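Notes follow in the order I checked them.

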Amino acid sequence: MSNYFINNGANKGMLIVAAVATALSFSQCTPKQTATVSSVPNTTPQADISKGLKDYFNDDFLMGVAVSSRSIRTDSALIIKEFNSVTAENDMKVGIIHPAENRYNWKNADDIVAFAERHHIKIRGHNLLWHKQGADWMFVGPDGKPASKELVLQRLRDHIHTVVGRYKGKMYVWDVVNEAIDDGPDSTVMYRESSPWWTTFKSPEFIEAAFRYAHEADPSAKLYYNEFNSERPVKREKIFKLLKKLKADHVPIDGVGFQAHWTVDRPNAEQIRKALDEVISLGLEVQFTELDITVHTKPAEITPGKPLVDPGYTPEVEAKQIAKYKMVFDIFRQYRKHIKAVTFWNVSDRGSWLDSRGGGSAGDPIPSPPVFLKAYPLLFDVNNQRKKAYWAVVNN
Ligand code: G3I
C-alpha cells in the first residue's frame, strides 16, 4: 500500500479518506472483533511494476520455482523477473540424468544451470536419491540378479560424485535424499519399505551414505532431506526420529525441505508451526521446496464412462486459496531466520504436475488412466498473470 501512495501522489488525499472510511465502517459493523487489519488478505496490486517476488521477499528468504529445459525458454521473462532460485523439476533426477551405468544425459541440466548463471539465479539440486524416477540398473547385478549392497553403494557413490562434482560450487543446496519415510498411518513403520533402496539395505544405511558422498563431492553445498506431508503428526514424528538419528550419527545434513504440496484445507497453522519447531530444535535450516496449494480438497470421485465436470477457479475456491496463501506466508515471515528459500512447484496455473492427478495431491492415489482436472495451485494464472493470491502474499 505504501508504494501505491508514493507513486500516486495526486490520489493520495482521496485514498486516505477512503481508507479511513473503510476502517470506520469495519469497526462499526464489528464492534467486538479484535482482529488486526493484517489478518485480512490485502489483494490490492502494488504500483511499482519493476518488482518481483524476489524483491518483495529480499529481506526474508530466496523465492524459487521448479523449471524444465522448456520453461526456461517459454517462461523466461517471468522467471527472471520474479525468482532468484530455481530447481530442475525433473532433469537432475537419477533416472533422467544417468539412465544407464555408462551414460549421462547432461544437456537439459546443463541448460538450466547456464540459464540460472546467466541471470544470477541460485540453483537447488534435486535430487540424488529417490524411489521414483530412479535408475533401475543400479539395483541389478552383473548376473541379472539383485545387486549386492556393496555394489549399490559403489554405484551410488559414483553417481553422486559425478553429478555433484560436475556442478560443484554451482548448487547452493542439494536435496540428497527424497521421501525415504513411510507415508502411512502406522507409526511403527518408519521407512518406505516398498522402495528399492529399502529392499536392498533393510536399514537407513543408504541415507547416511548418500549424505556423506554428497559432502565429499561438494563440501560447500548445503545438504537437505526432502519430504512431503511432513506436517501430518504421525509422519512428522517419523521424520523427526530420522533427523535425530542423522544428527546423532554426525551425518553431514544441513537442512530439511518441506515439499508443501498443500490444499486449501490442509495443513493448518498449528501443524505447520509444530513441524517447523521440531526441525529448528535440531539446529537444522529449512526450505519450503515444492509449494503449491491445490483448490481440490480430495481426489474427485470418478465414475467410469462419466466425464468429470471441472467447476474451474470459482470465486469460492479463489477466496479460500487467498486466505491459505496469506496464512502460510505469515508463518514463513515469522520463521524467516530459519527459512532459506520458498520454491513453487511449476511456474503458473497454465501447467501444474497436479493437473493430471484427478484432484489428488502428493500421496493421493493417481487415477488410471490419468484424469485431467486443473488444480490452479500457484500465484500466476493460466495466462501467466499475477493472481489476487500473489498480492495477498506480497502485501504485508
Ligand atoms: O520423460 C517422459 C517423456 O519422454 C514422455 O514423452 C512423457 C509423456 O507423458 O512423459 C515423460 O515423463 C514424465 C516426467 O514427469 C517428465 O515430464 C512422467 O510421465 C511423469 O510421471 C513425471 O512426473 C514428475 C513426477 O515428479 C514423477 O513422480 C513431475 O513432472 C514432477 O513434477 C514430480 O516432482 C516430484 C518431486 O520431484 C518430488 N516431490 C514430489 C513431486 C511431485 O510428484
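For polar contacts I counted a pair of N or O atoms within 3.5 Å. On that basis I looked at Lys93, where a polar side-chain atom lies 2.7 Å from an oxygen atom of the ligand. The model is predicted, and I read these distances as computed from it.

Next I looked up the ligand's nitrogen atoms. Glu290 places a polar side-chain atom 2.7 Å from a nitrogen atom of the ligand. For Gln259, I found an N or O atom of the side chain 3.0 Å from a ligand nitrogen. I then checked cover: the ligand taken alone exposes 800 Å², and the protein buries 48% of that area.

I listed the shell around the ligand and got 14 residues. Those that come nearest are Glu89, Lys93, His126, Glu290 and Trp345. By class, the shell holds three nonpolar, six polar and five charged residues.

I then checked confidence. The chain averages a pLDDT of 91, and 90% of the residues score at least 70. Residues 1–35 have a pLDDT below 50. I noted 12 contacts in the model for this stretch beyond near neighbours in sequence. Where pLDDT is low, the predicted coordinates should not be read in detail, so I took no detail from there.

Last, I searched the whole structure for cavities and found four of 30 Å³ or more. Among the residues lining the largest cavity I noted Arg236, Phe240, Leu243, Phe258 and Glu278. Ser230 and Ala275 are also in that lining.

Terms used:
Residues numbered from 1 in each chain as written. Predicted model: local features only at pLDDT ≥ 70, side-chain atom pairs only at ≥ 80, totals over all residues. Heavy atoms only, no water. pLDDT = per-residue confidence, 0-100. Contact = heavy atoms within 4.5 Å. Near = heavy atom within 4 Å. Polar contact = N/O pair within 3.5 Å; in protein donor to acceptor, adjacent residues only side chain to side chain. Areas by Shrake-Rupley, 256 points an atom, 1.4 Å probe, with all protein chains shown as cover. Nonpolar A, V, L, I, M, F, W, Y, C, P; charged D, E, K, R; others polar. 1 Å grid on protein atoms, 1.4 Å probe; cavity = no way out; pocket = protein on both sides within 12 Å on 5 of 7 lines; lining within 4 Å. Points joined across faces, edges and corners; volume = space filled by probe spheres on them.
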